[in-house]
Amino acid sequence: MRARLDLILHILLGASLAACHGRPAPVATAVPTSPDRCAVLPDSGSLPKHFVVAFTDSATPDPLPGSGNRTTQIVSRFLYDPLIRLTCDDAVVPALAESWATEDGGRSWTFTLRTSARFWDGYGVRPADIVAAWTRYQSGDLLVPWAGIRFAREVGERSLAVYSDSLWTTVPPVLADPRLAVTRPTRSGWPMGTGPYRPIVEEEDSLELEWWNPAIRGRQGLPGSVLFLWANRTGARDLLDAGVDMMITDDASVQQYAEARSGYTVATLPWDRTYVLFVPSSGNAGPPSQTPPAGFLGGLAREAVSVEARAAEPKNGWQLEACTSVPGFQADPSRQLRRVVYPSDDQTARELAQRLVTFAGTPVQGGEWLSDAFRAAGNARTFPFAAGLDRAAWRRALARGDETAYVFAVPSRSVARCVLPQPAVGAWVPLIETRARLIARPGAGGGAMYLDWNGTPHLRDPR
Amino acid sequence: MTFRTRLFLSYAGVVLVPLAVLLFGVRREVDRRLTFQVRERVSALASIIRTDLREQSAALTSRLNALSREAASDNSFRLALRAPAERRYLLDYAGSAMRRAGMALLQLQDSAGRILSSGHFRNEYDRSEPQVVPLLARAKDGPALLRARTPEGFVVVLARLDSIQVFGQRLWVIGGLRIDRGWLNRLYRDPEIAVTLRLPDDSGAVGDSVIVSPFSLPYIDAAREGESRLDTAQVVVMHSLAPLARLRRDVNLWFAIVALATAAAALALAGWMAAHIGGPLEELAEKTSQIDLDRLNVQFESDGEDEVGALSRLLGQMTERLRAGSARLREAERRATVGDLARQLNHDVKNGLVPIRNVFRHLAQVARESPADLPAVLLERQRTVEAGIEYLENLARNYARLSPELGRQPCDLNAVIAEVAAGTASQDRLRLALAPSLPRIAADPLVVRRILENLVSNAVESLPQGSGTVTIATFNGDADPRQPTAESHESRPIRLTVTDTGRGMTEEQLERAFEDFYTTKAAGTGLGLSIVRRLVLDLNGSMRVETAPGSGTRFIIDFPVAETAGRRVGGSSLEPGS
């Protein structure tokens, strides 16, 4: 693997030296600045046949698309399709569905699937596949509680009717939520998807995708393959030096390095991820105050994390009560509360968790508030520790509610009534918001990146 | 116990006992020396570790000094202390400096104990920890251990304290090197040795199977809830005694092997010795056991020059002497037998003649006193005379055969008693108590008569002058209430008792009563009772005597019942002609 990466770096370095010759100084650009309203950067030509994108976090296969870290979300955008998509300005565009209509005033919507909608293995996507994919969220009488979907049924060979528990006067934007992407489970690795790219080689620090649909391969001027590289912060600088086509990172020092050296353009992406503290209910104490003391969140954003961050603000669209209502939930009174847990693939969540565990029982600003929060979870006397869990273990821990607290990121924008990946009983507090920067080598495809409604960058949709 | 077993036990004892003593001594010496060596090694390692900790502490002090000087001369660091906008540099400073210096803990505190920057716990900044610096300062003379929190748990370090002056205020710099299992393991390479760090809260006891050499270090638990204090931790060097135990097991195993081999060798040697020594002895014993007076032709020749050969030859000579003595003895016995026979013949003839003589005396008396009654008396006593003559004839026939085969035929015991009683001179003293319906016995009537005549004659002679009686009684099976027998009714013998009220016998007299020629009478032959005993035994009967001085004597004889059916006498089943 190391030899292979070195070879890639040499190729990229050669390409970079050739491309940088005589280029203007990089410019930080606001979003969006392109004539195309959702393009991240001005289009600077066609994309290379083999497109190389680097990240400072790694993506991990996730059976629930849309619930991983930022890198996993971006990679998933290449691999999976929901029924519809929303552009950066909330315009609805087709994805798996090519058309939709309602005949009962918005109580239900019927979607017609594209004829070219296929899984990576060539099998056509049927309405039943979509229902099966959504069934993983079923709870009680609702098929997808957090999206307000009561049920969905096949009404034709390519037609799917989706019924809501409320009135949808327009096509429901929640169907663009990446969590509703259509997948089929596999034994291991990435779930089977319907996106334009599919993974072909996955190694410890890279993932290579290929354009798999021979019918439209290369027609849209899109790269035939995309190589994602996961680098640590030191390695990120090496990749920039080697001339990687693009890098997406929230590491401020890497951004500064890219801005300091010539040959790259840096674009700021939207504030797309909000880190929250979730304190599960102990069942015998009231919820903690959701309002941290003044200056506490600013201090976290300014000093506790190594990424560009700001204090989070409550999001009106999140409808928190919908996330915390789980009928019949009873916390286990014998639970051992010693940890503040975070997803181990999220560096910022780790830094926040490590900051929060210092507060319990200490007279630091915010300490009393946090102690109250931990006490509400039943942990008042012992120092909690920070512990990173892989995504599957972390989701199980969240479902059990048997940890002192949970620190994780959710999308800053939500089209669903609940932004949490799953319902959980307790109180949760937005802490900080973060954003990433897109570092692109001009002429190497940076102009072909567009933004979704939630700030996820992606290649131009060929369909 | 056989000769072979004795040999085996002797050999085994001679070898195994010294072997056991040797093992005990070897084991004890090995124990002592190895334990001493292990103690020396553990003590030496503990000393090395103590020295190493001091050196590490000194090196840590040097590194902290260098870091402190570097921080004091770092402009960015100094500015970050005063400019909030540059605070991130300060927060990250300890982390990068700690990694650069190869430490596991680095913490900068202001004079009030507030954490300014922490390398092991980057986001611990602003927390107040005022106790640690004074406690470390108290332990400044040597290495001290510090337990601190990290985001994910705890870390124990060898800690030192330093300080710098910036902007007129003192900043404390605490640095530490990790003291964990990996660090302890690097101190030694011996798998039998374990070095552990025992903190004050550790409650685990050291097992008995190790040799321990602990030493103490100052210990500060900054991670505990509540106020920190200066405590004591122990570095414990332990050496397992397992190798010693293994050595003991090996010694035991080898001893067992040697003991078994020795026992096997002793067994083989004992077998060989037994075969070469015990074998001839056993053969000699076998030959010796065959020797008796009838078989003196056993050969004891031996060419052996050893003791067994000499013993064999001695036995041969002894057998020769026995053979000669036996021949002389047989000749003497033959002569004695002829003499005995003559005396017995004399005695028996006398017994046969006594009734005849009595009849003739009676006839002579009748002829003198009432000659007219002579024919009648003659006829009356004719049967007695004829019986006496018949007795003498049978006696003569028996002696003619020298060793007569006793006739066994159904015999009416009561009839024989009547005949004997009729021929007895002292009939007025004789009493008969004969059982009716007495089964016949299996005996020659002549022999029974000889028995009775001898017993009655002796009984009458034992009576005092003018008084006393002799009672002859027969019993059918269990009819003798004084002398019950254990046999069934059918197989019970017929019992004859001859009881007198005479002077009886002493115990000594009774013991010798059946010896030949033993008599207490002036004119006795001493053969009567010996003949009786011999005759009773010849008839397969049994006899015993009950007597006491002054109380008379009672002879009890049991005769076997004849086997024929309908053998009763005086009953309805009497045989014809009986």
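**A sheet in chain B and the contact between the chains**

In this predicted model, B:M543 has B:I557, a residue of strand 15 of chain B, as its bridge partner. Strand 15 covers residues 553-559 and pairs with strand 14 of chain B in the antiparallel sense, with 6 bridges between the two strands. In general, the strands of a sheet are held in pairs through backbone hydrogen bonds, in either a parallel or an antiparallel arrangement.

Both strands belong to an open sheet of 5 strands in chain B, in which the order is 10-12-13-15-14 and the pairing is mixed. The edges of this sheet are formed by strand 10 (430-433) and strand 14 (542-547) of chain B, each of which pairs on one side only. From one strand to the next, the twist averages 15°. Helix 9 of chain B, made up of residues 413-422, lies across strands 10, 12, 13 and 15 of chain B, and its direction is at about 170° to that of strand 12 (470-476).

Turning to the contact between the chains, 14 residues come from chain A and 14 residues from chain B. On the side of chain A that touches chain B, helix 6 (296-304), helix 8 and strand 15 (385-389) of chain A each supply at least two residues, and this side comprises 8 nonpolar, 3 polar and 3 charged residues.

Helix 8 of chain A, which spans residues 347-356, is largely enclosed by the rest of the structure, because 10 of its 10 residues are buried. Among these buried residues are A:R350, A:E351 and A:R355, together with A:L352, A:A353 and A:L356.

Definitions and conventions:
Residues are numbered from 1 along each chain as its sequence is written. Chains are lettered from A and ligands numbered from 1 in the order in which they are written. This is a predicted model: local features need pLDDT of at least 70, side-chain atom pairs count only at pLDDT 80 or more; totals for chains, interfaces and linings use all residues. Two strands pair if DSSP finds at least two bridges between them. Helices (H or I, at least four residues) and strands (E, at least two) are DSSP runs, numbered from the N terminus. Axes are lines fitted to C-alpha atoms, for helices over the stretch in contact, and angles run from 0 to 180 degrees between N-to-C directions. Two residues are in contact if their C-beta atoms, placed from the backbone, lie within 7 Å. A residue is buried if 20 or more other C-beta atoms lie within 10 Å of its own, exposed if 12 or fewer, and partly exposed in between; C-beta atoms are placed from the backbone. Ala, Val, Leu, Ile, Met, Phe, Trp, Tyr, Cys and Pro count as nonpolar, Asp, Glu, Lys and Arg as charged, and the others, Gly among them, as polar.
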